Amino acid sequence: MQGTSDFSKLTALGLQQAVSTGDALCGLLSDTPVKAVYASPLSRAQHTLELVAGKWPAAATAAASHVVLEDLKEIELKEWSGRLSIDIKAEEPEAYRYIRCTSPSLTRAMPAALMLAHHPRSQEMEGGGRNL
């Protein structure tokens with residue numbers, strides 16, 4: 001589990017997913033201007049941003065001057081940070097089960113678009129959409 005620790009890097013799968021996301025966004029939103037990009041301060045999020053922007057030219061300029069938001073940082077896991085989920089589950093099954101059942105952010109991440117749409121800095125754009 002990573003939590004707010006910043007020691008982990010993107011895996012080969014994570015690198016592939018970031019590039020694929022950039023390709024998909026470019027294909028879906030190639031004509032959509034990107035006015036701002038927000039990212040977590042964690043290095044793996046910064047690396048993901050670089051990879052996505054590298055495949056999506058419309059976002060490259062905004063990504064170069066992206067805004068770092070602490071609010072996008074993952075939740076703090078304290079002593080669980082850096083440990084494997086399988087080890088925590090084996091060593092602390094009740095605590096693990098409780099956290100997995102009561103914390104949806106550990107079960108699956110809230111879709112970023114939904115989270116950003118509700119961010120205090122989010123505003124309606126002229127002509128529709130949202131400016132984040």
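Visitor: Which residues does Lys55 touch, not counting residues up to four places away in sequence?
Guide: This is a predicted model, in which local features need pLDDT of at least 70 and side-chain atom pairs count only at pLDDT 80 or more, while totals for chains, interfaces and linings use all residues. Residues are numbered from 1 along each chain as its sequence is written, and side-chain values use heavy atoms, with hydrogens and water left out. Lys55 has its place in helix H2, where helices (H or I, at least four residues) and strands (E, at least two) are DSSP runs numbered from the N terminus. With contact taken as heavy atoms within 4.5 Å, and with residues up to four places away in sequence not counted, Lys55 touches Val19, Gly22, Asp23 and Cys26.

Visitor: What separates the C-alpha atoms of Lys55 and Asp23?
Guide: Asp23 is among the residues that Lys55 touches, although the two are 32 residues apart along the chain. Their C-alpha atoms are separated by 5.6 Å.

Visitor: Is Lys55 buried, partly exposed or exposed?
Guide: Buried means under 20% relative accessible area, exposed means over 50%, and partly exposed lies in between (1.4 Å probe, protein chains only). Lys55 has a relative accessible area of 36%, so its class is partly exposed.

Visitor: At roughly what angle do the axes of H1 and H2 cross, and is H1 parallel or oblique to H2?
Guide: Axes are lines fitted to C-alpha atoms, for helices over the stretch in contact, and angles run from 0 to 180 degrees between N-to-C directions. Angles under 35 degrees count as roughly parallel, over 145 as roughly antiparallel, 65 to 115 as roughly perpendicular and the rest as oblique. The axes of H1 (residues 12–29) and H2 (residues 43–55) come within 7 Å and cross at roughly 40 degrees.

Visitor: How many residues of each class make the contact of H1 with H2?
Guide: From H1 the contact draws on Leu15, Ala18, Val19, Thr21, Gly22, Asp23, Leu25 and Cys26, and from H2 on His47, Thr48, Leu51, Val52 and Lys55. Ala, Val, Leu, Ile, Met, Phe, Trp, Tyr, Cys and Pro count as nonpolar, Asp, Glu, Lys and Arg as charged, and the others, Gly among them, as polar. By class, the contact of H1 with H2 has seven nonpolar, four polar and two charged residues.

Visitor: Is Gln16 buried or exposed?
Guide: Gln16 lies in helix H1, and its C-alpha atom is separated by 9.3 Å from that of Leu51, 35 residues apart along the chain. Its relative accessibility is 52%, so Gln16 counts as exposed.

Visitor: Which residues is Gln46 in contact with, leaving aside its neighbours within four places in sequence?
Guide: Gln46 lies in helix H2 and, at 17% relative accessibility, counts as buried. Leaving aside its neighbours within four places in sequence, Gln46 is in contact with Ala39, Ser40, Pro41, His66 and Val68.

Visitor: What covers the buried residues of H2?
Guide: The buried residues of H2 are Arg44, Gln46, Leu49, Val52 and Ala53. What covers them includes H1, strand E1 (38–39), helix H3 (57–64) and strand E2 (67–68).

Visitor: Which residues in H3 do Leu49, Ala53 and Lys55 meet?
Guide: H2 and H3 pack at an angle of about 140 degrees, with their axes 6 Å apart, which means that H2 is oblique to H3. The residues of this contact divide into six nonpolar, no polar and one charged. Leu49, Ala53 and Lys55 in H2 meet, in H3, Pro57, Ala59, Ala60 and Ala63.

Visitor: What percentage of the residues of the protein count as buried?
Guide: The protein has seven helices and four strands, which follow the pattern α-β-α-α-β-α-α-α-α-β-β along the sequence. Of its 132 residues, the share that count as buried is 26%.
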